[in-house]
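Please find below my note on the model under review.

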Amino acid sequence: MLDFAAIDFETANSERSSVCSVGVVVVRGGEIVDSFYSLIQPEPNYYNYWCQRVHGLGHRDTDDAPLFPEVWAQVEPLIEGLPLVAHNSRFDEGCLKAVFRIYQMDYPDYEFFDTLCASRRLFRSLPNHQLQTVAEACGFCMENHHHALADAEACARIAMEIL
């Protein structure tokens, strides 16, 4: 696969609709050509302790952030016509569908590919298939794990190697 967009969401709480940041990395012709990152005011707008602990985001970061429809208006042209790739795509696709429902937006039938499933098939000897472990196995040193753009870039690098 030479053309795709890797995507990653972070959530504020256990609700899939509570996306509080998004990272997108666009790959065309097997090369990274564009990227996008934005904070998002989550819906519902509360942070639980565990999510904050994972990604470090909280109210101070997103109280003045745009709502999802405004952010998606910037993402949509970047990913138009491209399949989406995520590490554990069930989570990211679930977030996308949930937030589209919350804002009563028509959900395009995005095609998702999963680097987690692919890594389980290809890298059977890895101790785990977490994003940072698989990225390292693909020769990419990941920094700033759980920052949506860093995770999207790691996912893109993995996809460029194994999909």
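1. F100 counts as buried because its relative accessibility is 2% (buried means under 20% relative accessible area, exposed over 50%, partly exposed in between, with a 1.4 Å probe and protein chains only). The model is predicted: local features need pLDDT of at least 70 and side-chain atom pairs count only at pLDDT 80 or more, whereas totals for chains, interfaces and linings use all residues. Residues are numbered from 1 along each chain as its sequence is written, and side-chain values use heavy atoms, with hydrogens and water left out.

2. Eight aromatic pairs are found in a search of the whole structure. Rings of Phe, Tyr and Trp (its six-membered ring) pair if their centres lie within 6.5 Å; planes under 30 degrees apart count as stacked, over 60 as edge-to-face and the rest as tilted. F68 and Y103 are stacked, because their ring centres are 6.4 Å apart and their planes lie at 20 degrees. This pair links distant parts of the chain, 35 residues apart. F68 is buried at 1% relative accessibility, while Y103 is partly exposed at 24%.

3. W72 and F100 form an edge-to-face pair, with ring centres 5.9 Å apart and planes at 80 degrees. W72 lies in helix α3 and F100 in helix α4, 28 residues apart. W72 is buried, at 2% relative accessibility.

4. F68, W72, F100, Y103, Y107 and Y110 belong to one aromatic cluster.

5. E10 is buried yet has no salt bridge (a side-chain nitrogen of Lys or Arg within 4 Å of a carboxyl oxygen of Asp or Glu). The nearest side chain of opposite charge, R16, is 10 Å away.

Notes. Lys, Arg positive; Asp, Glu negative; His and termini not counted. Helix = DSSP H or I, 4+ residues; strand = E, 2+ residues; numbered from the N terminus.
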